[in-house]
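Okay, thanks everyone for coming.

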Amino acid sequence: MAIVSSSIGCSDSQHSRDNSRVVDAVSLPEDLGSHGEDGLRPKKWNDYIGQSALKEVLSIAVEASNAREEALDHVLLYGPPGLGKTTMALVLAEELGVKCRITSAPALERPRDIVGLLINLQPRELLFIDEIHRLSRVAEELLYPAMEDRRLDLTVGKGTISRVRAIELPPFTLVGATTRAGALSSPLRDRFGLVQRLDFYDLESLKAIIDRTSNLLGLALRPGASYEIARRCRGTPRIANRLLKRVRDFALVKGDLACIDSSLVDQALKLHCVDEKGLDATDRKFLEVLINVHGGGPVGLDTLAAALGEDSATLESVVEPFLLQSGFLNRTQRGRVITAAGRLHFQEKGF
Ligand SMILES: Nc1ncnc2c1ncn2[C@@H]1O[C@H](COP(=O)(O)OP(=O)(O)OP(=O)(O)O)[C@@H](O)[C@H]1O
Ligand SMILES: [Mg+2]
């Protein structure tokens, strides 16, 4: 087997020692704590940057429901991790002037978990269920009449003497969030009046998000610095905020907090092995094996996984999506193939 080298200043040992990736779109423990995700979340429409189509649809629906003093229709938000689904649910509650009760599907395993939440809702309140594609069947069946007729059907008693007792619920809004809309059952999906997809952010929106977070963190970025972060964050605000925090650490220790410019950003993120397109050591190793060991493909996923010492499912769900989205990789029936853009990026970087 050919040897795969790593020559971008990030050694293999450094990489394998640490499984969490700074460019991971899912939430990591380091995103919590002071100035963590909750503290950085926009609270109102105006702070929620980008996603203009989504904002337009939802702001009209909120304004109409405020005018009618009715509950907002149920909303399903779907899209990749870190794009602002939870944030949008909280903005909706704020703009409706109601509380948001937050839960996630795995916490609703027993019928009493969901019953308890539903019967305690106040009129027009928002119930946010994260990872809604993971709801158990029982929970899902309790939700159907609750969503459709604001009614909870409870079975009381057992066996032949059991009967169904209907409890009326106040008008409420269910906001479901998922990264896997396709995994939702169609009866559940059909009960949402507003189904909205979140897209990756463009550079301008990402720069605005980075500038906003810098203000909240009390940092003054020099012109060009936010662009350097924006182009490395894979279209994802969560990654943008995380990279900004790594830059802040670097500036504090190695540079000057008052002078965060593009060259400091470049140095800081090189240290974290993030290149100009947001690829990290794992992505680059994938390309390296594909190009240098397998001539650019086509090659089967299992073969690549064996060469990289990774498991195929992880490669498919964690590494490949961004390479596909960047246009660096193609999935064909015969296997994975590098694209011209992927080859060019690999050559330009010279690793
Ligand atoms: N439109 C936005 N404007 C400004 N900041 C944003 C925006 N969207 C997300 N963020 C920031 O990104 C972080 C992650 O967003 P959020 O938790 O809402 O993502 P998510 O889609 O719910 O992710 P997951 O699928 O992992 O639950 C938030 O802390 C917030 O600060
Ligand atoms: Mg979320």
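How far apart do the C-alpha centres of domain 1 and domain 2 lie? They lie 26 Å apart. Before I go on, keep in mind that this is a predicted model.

The protein chain is split into three pieces: domain 1 takes 12-22 + 278-349, domain 2 takes 29-37 + 201-271, and domain 3 takes 51-197.

Now the ligand. Ligand 1 has 24 residues around it, and the closest are Glu-37, Gly-84, Lys-85, Thr-86 and Thr-87. Which domains does that shell draw on? Domain 2 and domain 3 each give at least three residues to the shell. If you'd rather think in helices, α2 (37-40), α4 (85-96) and α10 (237-254) each put in at least two residues.

On the α10 side, the contact uses Leu-243, Arg-246, Val-247, Phe-250 and Ala-251. On the α11 side you have Leu-264, Val-265, Gln-267, Ala-268, Leu-269 and Leu-271. Sort the residues of that contact by class and you get 9 nonpolar, 1 polar and 1 charged.

Next pair: α12 (281-293) and α13 (301-308). At what angle do α12 and α13 pack? About 110 degrees, with the axes 10 Å apart. Therefore these two, α12 and α13, are also roughly perpendicular to each other, and α12 passes α13 in a right-handed crossing. From α12, the residues involved are Lys-285, Phe-286, Val-289, Leu-290 and Val-293, and they meet Leu-304, Ala-307 and Leu-308 in α13. By class, that contact of α12 with α13 has 7 nonpolar residues, no polar ones and 1 charged.

While we're here, please look at the loop between α12 and α13, where Pro-298 sits. The peptide bond from Gly-297 to Pro-298 is cis, with omega near 5 degrees.

Another backbone detail, this time elsewhere in the chain: Gln-51. It's in the loop between α2 and α3 (52-68). Gln-51 isn't a glycine, and yet its phi is positive, about 50 degrees.

Last pair, then: α5, residues 111-119, and α6, residues 137-149. Are α5 and α6 roughly parallel or roughly perpendicular to each other? Their axes come within 8 Å and cross at roughly 30 degrees. Angles under 35 degrees count as roughly parallel, so α5 and α6 are roughly parallel to each other. The crossing of α5 and α6 is right-handed. Pro-111, Ile-114, Val-115 and Leu-118 of α5 make the contact with Val-138, Ala-139, Leu-142 and Ala-146 of α6. That contact has 8 nonpolar residues, with no polar and no charged ones.

That's what I had, so over to you for questions.

How values were computed
Residues numbered from 1 in each chain as written. Chains lettered and ligands numbered in written order. Predicted model: local features only at pLDDT ≥ 70, side-chain atom pairs only at ≥ 80, totals over all residues. Axes fitted to C-alpha atoms, helices over the stretch in contact; angles between N-to-C directions. Helix = DSSP H or I, 4+ residues; strand = E, 2+ residues; numbered from the N terminus. Parallel < 35°, antiparallel > 145°, perpendicular 65-115°, else oblique. Left-handed = near helix turned anticlockwise from the far one by under 90°. Contact = placed C-beta atoms within 7 Å. Nonpolar A, V, L, I, M, F, W, Y, C, P; charged D, E, K, R; others polar. Near = placed C-beta within 6 Å. Domains from an automatic or database assignment.
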